[in-house]
Amino acid sequence: MDGEIDLELYTISIIRLNSALEKLDSTDEATALFEESYNDLQKLYEDIVSDLNQDEININEYYLFFQNGKQTFPQIIDVLGSIDNSELQDIINKLLNVFSNLNKISDAFKEDYYNEL
């Protein structure tokens with residue numbers, strides 16, 4: 001990445017996630033949407049980790065992203081954790097992991113970077 005969050009990728013992944021949640025009764029469709037969302041989010045997570053390890057980043061963009069994430073990531077984690085479907089469990093666990101990782105970065109970002117603003 002180039003020190004900026006790919007907000008389009010994030011938005012698309014959240015739209016896919018929401019669509020999958022609406023299609024839980026259709027396991028194949030939900031699985032495909034969850035997997036696409038996971039792939040996007042995992043890429044975004046890896047890009048964020050890479051960016052935050054750089055000397056220069058766009059702090060303002062990350063600040064806004066993680067301010068929003070502090071509210072939304074725990075909610076998404078709760079929703080995903082409440083899904084009781086053994087056929088979807090593997091992909092749900094992957095999504096829970098990536099959202100947990102984003103949430104941890106959000107906590108660390110708050111502690112490390114908010115004071116710089």
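Reply: For 117 residues, a compact globule would have a radius of gyration near 13 Å, and the 15 Å of the protein agrees with this; the radius is taken over C-alpha atoms, and the globule rule is 2.2 Å times the number of residues to the power 0.38. This is a predicted model, in which local features need pLDDT of at least 70 and side-chain atom pairs count only at pLDDT 80 or more, while totals for chains, interfaces and linings use all residues. Residues are numbered from 1 along each chain as its sequence is written, and side-chain values use heavy atoms, with hydrogens and water left out.

Along the principal axes, the C-alpha atoms fill a box of roughly 45 × 25 × 20 Å. The protein has 4 helices and 0 strands (DSSP runs, numbered from the N terminus: helices are H or I of at least four residues, strands E of at least two).

Within this fold, the axes of helix α1 (residues 7-22) and helix α3 (residues 59-81) come within 13 Å and cross at roughly 15°; axes are lines fitted to C-alpha atoms, for helices over the stretch in contact, and angles run from 0 to 180 degrees between N-to-C directions. That makes α1 roughly parallel to α3, a term for angles under 35 degrees. In α1, the residues L7, Y10, I14, L17 and L21 meet E61, F65, N68, T72, F73, I76, V79 and L80 of α3, where contact means heavy atoms within 4.5 Å.

Definitions and conventions: Angles under 35 degrees count as roughly parallel, over 145 as roughly antiparallel, 65 to 115 as roughly perpendicular and the rest as oblique.
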